[in-house]
Amino acid sequence: MSKYITTPIYYVNGEAHIGHAYTTFIADTMARYEKLKGNKTYFLTGTDEHGQKIEESAQKNGKPTQEFADEISASFKNLWDEFEIDYDKFIRTTDADHKIGVQKAFEVMHAKGDIYKDFYEGHYCVSCETFFPETQLVDGEFCPDCGRTTSTVKEESYFFKLSKYEDDLLKYYEDNPDFILPRSRANEVKNFVKGGLRDLSVTRTSFSWGVKLPESMNDDKHVMYVWLDALMNYVTALGYGKDEELMNFWPDTTHFVGKDILRFHAIYWPAFLMSLDLPLPKHIAAHGWWTRDGEKMSKSKGNVVSPKEVSDLYGVENLRYFMLREVPFGQDGDFSQRAFIDRINSELSNDLGNLLNRIIGMSGKYSDFEIDSKDVQKYHAKELDAMNEALGNLDGFMQNMQTHRYLEELWKLFAIGNKAIEEHAPWVKMKEDKKDEALATVALVANILAKASIMLSPVMPKTTATIADALNFTIDNASYNELVIDKKLLKLFNIKKVPPLFPRVEEPLMQEAPKAMPDDKPNDNMKEDLIANKEAKKEEDNLIEIGQFFETSLKIGVVVEAEEVPKSKKLLKLQVDLGEGTNKQVVAGIKEFYSAESLINTQVCVVANLKPAKLMGMMSEGMLLAAKDEDGLCLVRPEKPKKAGTPIG
């Protein structure tokens, strides 16, 4: 069986951050896991180097664009090499073979009638390299994805008939429920498509840093839209457009991406592939974002986590373990140095490292470091059954990208081993002249460590290689089949002494992130917070006069209508009766905590004299009062029912 696993190609307008590392770690882990099982696997990563944003960044840095792209691309490749990421190919969109493949794809789609020339006039976000209709903008100006100002452009463009594939995409989602993982993310994609797809502008004339159109088009003014160029890397890396010798890997493909680029991968990319008559990937697996100590990361806050800094201080394999264990795939994760240290000391040092140290010490004391599995089944059938049950559960978790559940289940093995030592107390058995029983317990734990290290190896390859060397075997497909699949036990061997695998960490090794200040600027990942809180003024530290307070009109309102805002995770649109004869429309970011139905005919406290503002194309004429802490958000309501319009103050 052939497996193809990819990360997104990372945009070269800045150095790698912790989110890039997470995507790469999970893809590398999956690729190693498939190779361990004996599947032929091709693992791709690389860099996306075209587009207006790169051209502008190079100019700001006073460098030729190619030189700038070379430097940033090299920083990614060097970091992945330092982290020993086991990729098969590192692709760059400036590679000659990639450009050839992209140009061939353009020719095929054009010949099929799926690409045509017209004029584009609309709103363009340079940061996201994306056009947006005015209805999707925040306050008629700001990008709904990153919050930055868009610019109005009008230019000649080639368009891809995305609208043609609307029904085909919806049918594919329906027929392939695991196409988008986790499944919970599929609805947002389906709803976007059901809202109607517009044909996609796939070329630009306002800048030159990109793949030129094929010579057959006889139109050298245009360069290709960065997303058409970038997405094609997944097949050009396998030879599309040239020799295609590796395209046999394509049918069983898993793309790992961040949730911010899910739409491009789950809508644009499948439509491109349908146009090219190529099979669609098996999975688009979208993970969440990472925060630091509960705060969104941004350069302006100075709290961006550098994966190199963390690995230099704590070790890259400890970092891999923490990130894959800490957060359910698909959900947002938080990088807390304290939580990281706790996992190192508790799970890695105590549960795993100490278990290995204990059997090394006992085997040295009781049997001159010789370990024999001959009596394990006789004395420890119960433990073997529990171990094999946990091992049997692991593949399902990995196939569903649930690495946190995979590691949680795997850690049951170490719990079985530690419990067996406490319950059977080999040191007592030795005093009671029950040496066979004592040595059987030591051998049981050695086998637990061997089998667990095989299954942990995709996550922590170097650490588990050290464990395997101590136990006198090699982690590979043969040992996986023998010890895990066939459930055999280790043959007679002599265990080796190894230094402690996970020295305890007593104090944080990294400098703590600065606390967020009220005037911190939002980062690129703050789309929904920006939308939901656009109407709120920044909190100021100075006190106010009582007169200033009474300039705010606070009133009791009754929610008479409520509905969800399409394509938004946080917004509800409410019609609120403030006793003035007409209702006011309030757009509020509370959908995560209240359903629309639950609010109808309930009372709320409203800031009634806010200047109206447009949110996602809808007018909001007020703001609800609410309180939010670590337990969630709740609306501020009157203790007893009051008439609509009753003043508060």
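Arg-320 sits in helix H11, which covers residues 316-326. The model is predicted. Arg-320 is buried, with a relative accessible area of 1%. A polar atom of the Arg-320 side chain lies 2.9 Å from the backbone oxygen of Pro-458. Contacts of Arg-320 beyond four places in sequence include Phe-25, Asp-28, Thr-29 and Arg-32, as well as Ile-85, Pro-458, Val-459 and Pro-461.

Helix H3 spans residues 65-82. At 1.5 Å a residue, its 18 residues should span 26 Å, and the end C-alpha atoms are 26 Å apart, which agrees. Its buried residues are Thr-65, Phe-68, Ala-69, Ile-72, Ser-73, Phe-76, Leu-79 and Trp-80. Seen down the axis of H3, these fall within an arc of 120 degrees, so they line one face of the helix. The cover over them includes helices H1, H2 and H10 and strands E2, E3 and E4. Just after H3, Glu-84 adopts a positive phi of about 60 degrees.

The whole structure contains 38 salt bridges. Among them, Lys-35 pairs with Asp-86, with the closest N and O atoms 3.4 Å apart. Lys-35 belongs to helix H1 and Asp-86 to the loop between H3 and E4, so the pair ties together parts 51 residues apart in sequence. Lys-35 is partly exposed at 27% relative accessibility, and Asp-86 is partly exposed at 33%.

Glu-156 forms a salt bridge with Lys-117 at 3.8 Å between the closest N and O atoms. This pair links strand E7 to strand E5, 39 residues apart. Glu-156 is buried at 16% relative accessibility, whereas Lys-117 is partly exposed at 41%.

Technical notes
Residues numbered from 1 in each chain as written. Predicted model: local features only at pLDDT ≥ 70, side-chain atom pairs only at ≥ 80, totals over all residues. Heavy atoms only, no water. Helix = DSSP H or I, 4+ residues; strand = E, 2+ residues; numbered from the N terminus. Expected span 1.5 Å × (residues − 1). Buried < 20%, exposed > 50% of the residue type's maximum accessible area, 1.4 Å probe, protein only. Arc of directions from axis to C-beta. Contact = heavy atoms within 4.5 Å. Polar contact = N/O pair within 3.5 Å; in protein donor to acceptor, adjacent residues only side chain to side chain. Salt bridge = Lys/Arg side-chain N within 4 Å of Asp/Glu carboxyl O.
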